[in-house]
Structures are given as structure tokens and as C-alpha cells.
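Let's take a walk through this structure together, one part after another. Please keep the sequence and the 3D view side by side as you read.

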Amino acid sequence: MAAPLQDAAPLQLHTVEVDQPLAAVNRLLAGLHLALAATAIAHRGAHDIMLVADLVLLFLWALSQAPMWRPVSRAAFPGRLSRPALPAVDVMVATADPDKEPAVKVMNTVISAMALDYPGGQLTVYLSDDAGSPLILLAARKAYAFARAWVPFCRKYRVQCPCPHKFFAGNDDQLGGGDHHDELADDRIRVKNMYDRFKEDVEEAMNDAALSQIWTKAAHQDHDGYVEVNDSGGLDDDDAMPLLVYISREKRPAWPHHFKAGALNALLRVSSLMSNAPYVLVLDCDMYCNTRSSVLEAMCFHLDRRGRHADDLAFVQFPQMFHNVSGNDIYANELRSIFSTRWKGLDGLRGPILSGTGFCVKRDAVYGAQPASSQDQFSSMEVGELKARFGHSNGHLASLRRSWSTIARDVLPEDATFVASCAYETGTKWGEEASSENYSSYLIDHAISIDQWSCEMNTYSVQVGFLYQSVVEDYFTGYRQLYCRGWTSVYCYPAPSRPAPFLGSVPTNLNDVLVQNKRWMSGMLAVGLSKYCPLGSALAVSLPHSMGFAYYAFMALYAFPVLCYATLPQLHFFRGGTSFPEDSSLWFAAAFASSSLQHLIEVSVAKRRLAARTWWNEQRFWALNAVTGQLFACLAVALDLVGAGGRAVDFGLTSKVSDNGGLYRDGVFDFSGCTTVLLPATTLCLLNNAALVGGVWKKVTSGGWSDVSGELFLLCYAAGLSYPLLQGMFLRRDPARVPAWITSLSVLMAATLLFLFG
């Protein structure tokens, strides 16, 4: 007799599979390269500075191999979920500057989140406006008014892409096959007209002089807190309209606001008073939902009790994908190495790095709970301890002791603005770590022995929310707040036949790309050189996993070996000598070939075809970024370590304003607006080409070509990589060429180097 339905085993909501053939190839190539690189390095002299450069390269390469050891792929089955049993989800979108993050683009992200395929009564969208701009507030109100037509339209016709901008720019193949196709044409025209009016109203407000006078740049950092709930007043059922909550936290010049991490922590507190959903989806303001099923896919992992890590899963990370990436991606904007390769490998260890956007995280995990303890941990705490950690809001403290039941629509405005005030976090654990003095007192007061230290350390030094010690709050929070406390994560990468779950935009100007990379690199290097170095926490997680994190922490150190290889061989070749030890050129050539082969296979596997052009673009941008963004990141961190850093934190926003991007799409470098960050690259480009021409001329006139094959190949390879720079300085006359002052300084500096050392 068949078992009763209620006794049947729960359906499997997801699967995971290790890519054994790829893992075997990765291990074989790693072993080959290690043997060749070690043999080549063994030929270096002990006092050769190039030995240090080679050892740094080998160290970084070894760290980079940890995520290659066990790549996995996952599949989710959202159709097996029981909709009545779905938990509530809070979606959090953060914006900070309406000049760099246009209101229409931000609202498309907000509207797409409201139209997700999820019960409307259990979905709430929170928008953080850190600038306190009346334009964003007005746009949010109009976005909610439009969403009241857009969300039912998406549900009725099963629209696949919930972003109205993309939907109306496409065609009907984005529909999922609803039962009302006879009404579609009229409804589409009606909703399209409403969307056009919404855009016109917002764009008109952007040019409103009255609004411009109300909000100034000074108000960006100095304004009161404000919370506004947009609510249709419907029932909390499947067909309800999700709430849209606008939040502008209080900001004052005298109070640190901690950038995005501070904004997200304010959202966590305000949302705890209203919806208090157990799961939180975080999105950048330009990262719109491209499919309606993304949250359901995340729930397939969070709710599947059959998995090995069912009780310690902290977050589900989706890849960052971009709608404006060129087919000839000269700036490596796709971030292929991260989201198509290494995150899959980290998923085979304990999970990928928390990546700033597109992740669905368990609220209690961000609050600092231990795995498998969840709500019970906070329910058993004394009120005094809760206040010491979370602050003095009675509503927020009460939310820690109750699970989600229904949205609280009677929250007083003053309660919401109180938890969003700039002074609220004072004396709490929000984003901060307990001081060593307080920790010592804690050990003494509680008579804790050394044997109990490791266990109690995790309990006492709990930090609440997203952490403030690093400008890369996602990287740092994921490692210190989640992985070091025993949590795990999964990586939900779409199958090749499936659309991207979220789509954002990439900068199409070289200077924006380099400045963005400098910010990332400096933030992670500061973590790597601090007491929070991932390698120091290998016992708390695992050695391979900590190596994967450490690779990104120390990635900026590529600047040193690349700088060495971009100067010393050139100067040696110009003088007629060599920087390679005798009879070692073949070993170095073999190591270079094995590294290039490994990279080519990585790229081709990710692209599912032989992708030589992508390989070349990544090689070129890797070298360019090393002597620009990464070099300046190293300098910034070094100055900060010796107390001469000036500004404590560099957190310039990348502009999300749409530009033509025609040069980028055509595979032509756009140097417009480039600053001193480009100067080292242009100088080294001229040094390399001058040394190549001068050295070859000397060899031709003298007739001696022995023992320079290594330098000759290296200089020709560097000339190929740097050709866009040479072209931008001397062969182009368009406005996007290299600025003349950078060219002039580069010529002067390269000539000085050749005169002094050549």
C-alpha cells in the first residue's frame, strides 16, 4: 500500500553536482605549472629583485588555485515549492546620489522587485535614499503608483522580465503564456502609456528648479531622517500589492555614516519594525530583476531540509551579470574570472564571497546568530544584553523575539526614524567590534579560562549587521560575520539556457573602471594586511576557503611583479644585457606558456567555446589594471598604514548615468576623463617601446643576439598588450584620446628612466 501523502518525504528542491572532469583538468594544469614555475624560479639568484617578483607571482597563483579545486554546479526547482508555506522576504535597494544614479534607473530596480513572482503579502521592498533627495522621494511615490498597474499586469500575463524598461524595449517573447492573450495588446498599450508618463514625470522633476533649490550637495551629508510607507491597504495574501517603504536615514557631518554598510544596517532596523522578514534580498540600485523567479530559486536552497548544510546556510549568492557588456569586452567588465569561474569553485568549498548585490541572506545570520540557533538565541537573551547589542528601540528588540507573522502597518513614524538616526548605533554592536579592553573585562567578570576562549570569543565579539571596518563591506561581512561563525552559502548560477536572474550596468569609460578597481583593491588589501587577514582564520573555516578569500585580499600585490617585469627587462635589453639567468629562458617560457594555457582553458570553459579574444582582453586588462588601479591601491594602503593616508576611506560612487558607450562597444578604449591613475601605464608603455626599438637597433648594429630571446619576447608581448595606449597617445585625434598632459608627462618620465638607467 502506498504511504499516506502526509508521510511522504519532502521533495528535493535543488541538486548539486561536482564537475569532476573540469576539476581533474584544473589539478593537472596546476601541477604542471607549479613544477615549471618552481624550476624557473630556482634559476634566479638569491639577490635578484626579480626573484621576489617571481615569488609574489607564485604566491598569488597558489592562492588563486584553491577555488579551482572543486567546481560545482547547482539546479533549483521552484515549481516544487509550496506557496502557502513560503516565508516573508524583504528586498533592500540602496541609492546614494541622484546625479550619479538616475532616478528612473533606480525606480526600474524597485518596480522589478515589487513584481517578483512571490506572494505579495509576504514581500516588502525597502528603498534607502542616503542623499535625502526630494527627487528620489517623488520618484518612489510615482513608481508605486505605476507599480499598482504593472504588478497585476506581470501576474496576469506571466511576464518573464519584471523590469518595465527592458520589457517595453523588447517584444512579446518575454511573456510566459498567461490565459488572457486576447486582452494583451490593449493592456500592453495601456501600461506602456502609464510607464511613459511615469518616466516623463520623473525626468521633468529632475529639471525642476524648485527641487534643485530644496536639495543641495550640502544636504547630501546633512539632513533629517524620514520614513514613508506606500501601501495600497490590501490584504496580506498572494495577490496583494507589496509595500514600498522609502527610508532616508539621518545624516550629520559630525557623525560617521559608514556608506553602504550603514545604509543597509538602517534598513535592517526599520524593516524589523514593519515586516521583520526572516530573509533579506539585497540589490544595488542599478541591478534590476531580470526574471521573476529569483527569490523562489533562493528559497529552494534556504528551505530544502535535505541538504548537508540545511541548518547553517546563511545566504544564496546570484552572479552579477550586466546588460551593457560589449561582445568585445576590452575592460574585462564581465568579471568572468569571478562569477563564471572562481565563485563556482568556492561554492564547492563552503560558498562564494558575499558580492554586494544579488544575494538573499538569512536575517538572523547578519544579526550575528550562530548556525542552527536562529530565533532561539535572541529569545533566551536578557534584555540588557539585547540592548547592548542592538540598541534601545523597544520595537526593534521585540522583533528579535518574534518570528514574522504579518506586516505591522501601525508603526509610528517617530519609531522608524529613531532607529534610522545617526546616533542610534552609539554604544551598540552595530557594525563594530568590541574593544580589547572590554573583552578582557568580560573574561575576568565571567571567570573564563583560556580553554574556553575560542568558544566565548564568538559569543562576546558578535558584531551586528554589515561590518564597518572595511570599505568593501560585502567581502568583509561575508568572511568575518558569516563564514568565521560557521555559516555556509551556495552559488545559484543560471543554466546556459536560462536568463540572468539580475542585470546591472558596467562603466564604459576606462577611468571609471580603473577608479572602481582601485577602490575594490585598496579595500581588500587593507583587510589582508590587518588583523582580519583571511589566512589567519584558516582554522575557523578551512585552508582552501581562506586561500580563496586571501587571493582577493592580496590581489593588489600583482602591481609589484608586473611593475618589475615592465621596467627591469626593458632597461637591461636597452643596455644590451639580460635580466634572465643563463640557460633559463626556456624554463621561463614554459612557465609562461603553462600559465597562458591554464587561463585560456578557464576562459573557454566559461564561454563554452574557444574564446581567444576574451583571453587576450583579459590578459591586457590584467596588466593594465596591475600598474594603475592595483598600484594606486597599494600606495593608498601603504600611506594609510604609516598614518599619511589623508582621507580615511575612499568610497567614490561609480556613475550609473547612461552614456553612449559607442567606443566601448566598438572595442576602442575611451580615455576621456583619465586622471593620474593612467600615468604609470602610459609611462611604462613608452619605456617598453623605446627600449624595444633602441635595443633592437643596438643589436642590429653590433650583431650580437645571444641570450636576449627572453627579453625580446617579453618586450614584444608587452608592446602588443599596450598598443591601445600607444594608439591613444599618438595615433588618435578624437576627444577620447589620452589627454595631452598625460602623454607629455609620460614622455618626460620614460626619457628620464632611459637616461638614468639605460
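In what order do the eight strands of the open sheet lie? The order is β5-β6-β4-β3-β7-β11-β9-β12, and the pairing is mixed. Before going further, a word on the ground rules. This is a predicted model, in which local features need pLDDT of at least 70 and side-chain atom pairs count only at pLDDT 80 or more, while totals for chains, interfaces and linings use all residues. Residues are numbered from 1 along each chain as its sequence is written, and side-chain values use heavy atoms, with hydrogens and water left out. Helices (H or I, at least four residues) and strands (E, at least two) are DSSP runs numbered from the N terminus, and two strands pair if DSSP finds at least two bridges between them.

For a closer look, find strand β4 (residues 123-129) and strand β6 (residues 243-248): they run parallel and are joined by five bridges. Here S128 has I247 in β6 as its bridge partner.

α3 touches β3 (89-95), β4, β6 and β7 (279-284), and its direction makes about 165° with that of β4. Helix α10 (residues 294-302) touches β3, β7, β9 (313-317), β11 (359-362) and β12, with its direction at about 150° to that of β9. Such angles run from 0 to 180 degrees between N-to-C directions, and axes are lines fitted to C-alpha atoms, for helices over the stretch in contact.

Now follow helix α3 (residues 103-114) to helix α4 (residues 134-157): their axes come within 9 Å and cross at roughly 40°. That makes α3 oblique to α4, because angles under 35 degrees count as roughly parallel, over 145 as roughly antiparallel, 65 to 115 as roughly perpendicular and the rest as oblique. The crossing is right-handed, meaning that the near helix is turned clockwise from the far one by less than a right angle. In α3, A103, M107, I111 and M114 take part, and among the residues they meet in α4 are L135, F146 and W150. This contact has 14 nonpolar, no polar and no charged residues (Ala, Val, Leu, Ile, Met, Phe, Trp, Tyr, Cys and Pro count as nonpolar, Asp, Glu, Lys and Arg as charged, and the others, Gly among them, as polar).

Another helix pair is α23 (residues 568-575) and α31 (residues 740-757), whose axes come within 10 Å and cross at roughly 60°. L571, F574 and R575 in α23 meet L753, L754 and F757 in α31. By class, that gives five nonpolar, no polar and one charged residues.

There is also an open sheet of three strands, in the order β8-β13-β10 with mixed pairing. β8 (288-289) and β10 (321-322) stand at its edges, each with a single partner strand, so one side of each lacks a neighbour in the sheet. Two bridges join β8 to strand β13 (residues 502-504), and the two run antiparallel. Y288 has L503 in β13 as its bridge partner.

Key: Contact means heavy atoms within 4.5 Å.
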